Amino acid sequence: QARLSAEARLELSALTPRITFPSPEDWRDQWIYFLMVDRFNNPHTPPLPTSVPFDGMVGEFRGGSFNGVRAQLDYLKALGAGANWLSPVLKNCKYNPSSYHGYGTQDFLQIDPRFASDFEAAKIDPQLAENELRALVDEAHARGMYVIFDIVLNHAGDVFEYVFDDG
């Protein structure tokens with residue numbers, strides 16, 4: 001079997017019709033692995049040293065990506081994971097670097113470009129992040145694995161502010 005480049009897989013994924021991947025009859029039969037996309041695997045940066053200061057870069061984006069998760073699907077499958085529960089992937093407030101966790105949603109209809117393998121390119125073309133997420137889901141399904149999206153609808157990021165009049 002020929003190995004496709006990442007670009008070729010993305011192009012193929014965009015052209016391939018979506019195949020139904022039904023939910024299991026009982027989720028209690030699934031081993032679910034929760035992972036924070038930004039923290040799970042950044043293939044461009046080694047893991048943090050153990051002596052990172054409590055107020056250091058730990059509270060900001062570290063660069064984990066959909067492709068980083070995708071690169072570890074065989075590892076997750078070998079662990080016994082039947083489903084991968086992803087931290088929220090919706091677009092967060094771009095001015096807030098501490099929303100790496102995904103729980104500061106700004107736009108419930110877009111994927112956060114910071115989870116793309118090339119953030120600068122994804123800022124220009126948001127479809128890049130969506131394509132990489134689709135490729136992750138397609139490859140997980142090809143391995144017989146489910147993908148669960150975490151989403152919090154009862155709050156969002158700090159997308160507005162009030163001006164209080166003391167008078």
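User: Is phenylalanine 34 buried, partly exposed or exposed?

Analyst: Phenylalanine 34 is partly exposed, because its relative accessible area is 36%, where buried means under 20%, exposed over 50% and partly exposed in between, with a 1.4 Å probe and protein chains only. This is a predicted model, in which local features need pLDDT of at least 70 and side-chain atom pairs count only at pLDDT 80 or more, while totals for chains, interfaces and linings use all residues. Residues are numbered from 1 along each chain as its sequence is written, and side-chain values use heavy atoms, with hydrogens and water left out.

User: How many aromatic pairs does a search of the whole structure find?

Analyst: The search finds 4 aromatic pairs, a pair being rings of Phe, Tyr and Trp (its six-membered ring) with centres within 6.5 Å, called stacked if the planes are under 30 degrees apart, edge-to-face if over 60 and tilted for the rest. One of them joins tyrosine 33 and phenylalanine 40, edge-to-face at 6.1 Å centre to centre with 75° between the planes. Another is formed by phenylalanine 34 and tryptophan 85, also edge-to-face, at 5.0 Å centre to centre and 80° between the planes.

User: And where in the chain do phenylalanine 34 and tryptophan 85 sit?

Analyst: Phenylalanine 34 is in strand S1 (residues 32-35) and tryptophan 85 in strand S2 (residues 83-86), so the pair links distant parts of the chain, 51 residues apart; helices (H or I, at least four residues) and strands (E, at least two) are DSSP runs numbered from the N terminus. Tryptophan 85 counts as partly exposed because its relative accessibility is 35%.

User: Which residues make the nonpolar surface patch?

Analyst: Trp27, Ile32, Phe34 and Trp85 make a patch of about 360 Å². Patch residues have over 30% relative accessible area and no salt bridge, with like charges joined within 9 Å and nonpolar side chains (Val, Leu, Ile, Met, Phe, Trp, Tyr) within 5 Å, and the areas come from the Shrake-Rupley method with a 1.4 Å probe, only the protein chains shown counting as cover for residues.

User: Switching to the inside, which residues have the most contacts in the largest nonpolar core?

Analyst: That core has 23 residues, and those with the most contacts inside it are Val37, Phe66, Leu86, Val89, Leu133 and Leu136; a nonpolar core is a set of buried Ala, Val, Leu, Ile, Met, Phe, Trp, Tyr and Cys residues joined through side-chain atoms within 4.5 Å. Helix H3 (66-70), helix H4 (73-79) and H6 each give two or more residues to the core, and H6 gives the most, with 6 residues.

User: What span should H6 have?

Analyst: Helix H6 (residues 127-142) has 16 residues and should span 22 Å at 1.5 Å a residue, which agrees with its end C-alpha atoms being 22 Å apart; the expected span is 1.5 Å times one less than the number of residues. Its buried residues include Leu133, Leu136 and Glu139, and just after H6, glycine 144 takes a positive phi of about 80°.

User: What does glutamate 139 form a salt bridge with?

Analyst: Glutamate 139 bridges to arginine 70, with the closest N and O atoms 3.1 Å apart, a salt bridge being a side-chain nitrogen of Lys or Arg within 4 Å of a carboxyl oxygen of Asp or Glu. The pair links helix H6 to helix H3, 69 residues apart, and both glutamate 139 and arginine 70 are buried. Salt bridges that share partners join Arg70, Asp74, Glu139 and Arg143 into one network.
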